[in-house]
Amino acid sequence: MSESSDFYKWFNNISLKLGAREISFKKIFKYLDSLPNPIIIVETGCLRKKDNFLDGQSTLLFDKYTLSRGENSKIYTVDISPESTKICKEVVSKNVEITTNDSVRYLNNLSKNFLKNKTRVSMFYLDSFDVDWRYPYPSAAHHLKELVAINKIIDENTLVVVDDSPAVGNLTQNENQPDQPWKILSSPSPLPTIGGKGFLVHEYDLINVGANFLTQENQYLFRNLA
Ligand SMILES: C[S@@+](CC[C@H](N)C(=O)[O-])C[C@H]1O[C@@H](n2cnc3c(N)ncnc32)[C@H](O)[C@@H]1O
């Protein structure tokens, strides 16, 4: 889609509000631009508060994008909270299919249906189960379960994004040079990796799949090499 399209005119106006997600959302849309129609996006964790761009407003962004693409492009989103799905319905268009359910159960059923109908998914955007930054395991495990549920319908072009997955590392600073940038603590400290919601998904990718990273800002984006 060209930069002069209605979508990019709208997006470029609001993109600064996205903060740490601005760059990765730009990369997401550029990547989707390279795929043929229809664009099919499946999201876990929907928009839950109107105008709260700090959360991402992902469902609204994807809604605007797919409406601009047309030709049966569509969004599927799921959220366990009836309050979240109610707010989301008030904000987005009818082109978004909104379901209230646990995301893992939902994705299992969706995968079976999509396999049967041969529906190809352009992107999965995984952003359910809020992360506790001091103890990310429950959230990271939930997102790994989501990956298991969709594993069979990820193809070589499907982009998978896990939100709230910044790079984390063991850093140190020389107390005599407090103005110098922080340094990565050298061996035997482990190298920097992905934290937050995506940390187990990332471990799985690295060890088992050899997925191809696209970026590592606040969002973890990858494509399978399969
Ligand atoms: C960070 S918010 C989603 C924000 C949204 N993607 C955005 O950009 O505005 C996380 C959402 O995940 C939902 N959630 C938590 N656990 C879930 C589960 N097991 N299944 C589905 N949704 C879940 C919460 O109700 C909440 O609305």
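**Stop one: glutamate 22**

Select glutamate 22: its relative accessibility is 16%, so this residue counts as buried (under 20% relative accessible area; exposed is over 50%, partly exposed in between; 1.4 Å probe, protein chains only). Before you go on, note that this is a predicted model, where local features need pLDDT of at least 70 and side-chain atom pairs count only at pLDDT 80 or more, while totals for chains, interfaces and linings use all residues. Residues are numbered from 1 along each chain as its sequence is written, and side-chain values use heavy atoms, with hydrogens and water left out.

Glutamate 22 sits in helix H2 (helices are DSSP runs of H or I, at least four residues, numbered from the N terminus). Show what touches glutamate 22: apart from neighbours within four places in sequence, Ser15 and Leu16 are in contact with it (heavy atoms within 4.5 Å).

**Stop two: H2 against H3**

Now select residues 22-33 for H2 and 58-69 for H3; their axes come within 12 Å and cross at roughly 25 degrees (lines fitted to C-alpha atoms over the stretch in contact, with angles from 0 to 180 degrees between N-to-C directions). The two helices are therefore roughly parallel (angles under 35 degrees).

Which residues in H2 and H3 meet? Show Phe25, Phe29, Leu32 and Asp33 from H2, then Ser58, Leu61, Phe62, Tyr65 and Arg69 from H3. That contact divides into six nonpolar residues, one polar and two charged (Ala, Val, Leu, Ile, Met, Phe, Trp, Tyr, Cys and Pro count as nonpolar, Asp, Glu, Lys and Arg as charged, the others, Gly among them, as polar).

**Stop three: the aromatic rings**

The whole structure has 15 aromatic pairs (ring centres of Phe, Tyr and Trp, the last by its six-membered ring, within 6.5 Å; planes under 30 degrees apart are stacked, over 60 edge-to-face, the rest tilted). Pick phenylalanine 7 and tryptophan 10: this pair is tilted, at 6.3 Å centre to centre and 45 degrees between the planes. They are three residues apart in helix H1 (residues 6-14), so about one helical turn separates them. Phenylalanine 7 is buried at 2% relative accessible area, whereas tryptophan 10 is partly exposed at 21%.

With phenylalanine 7 in H1 and phenylalanine 29 in H2, the pair ties together parts 22 residues apart in sequence. Phenylalanine 29 is buried, at 0% relative accessibility.

To finish, select Phe7, Tyr8, Trp10, Phe11, Phe25, Phe29, Phe62, Tyr65 and Tyr125, which form one aromatic cluster.

How values were computed. Parallel < 35°, antiparallel > 145°, perpendicular 65-115°, else oblique.
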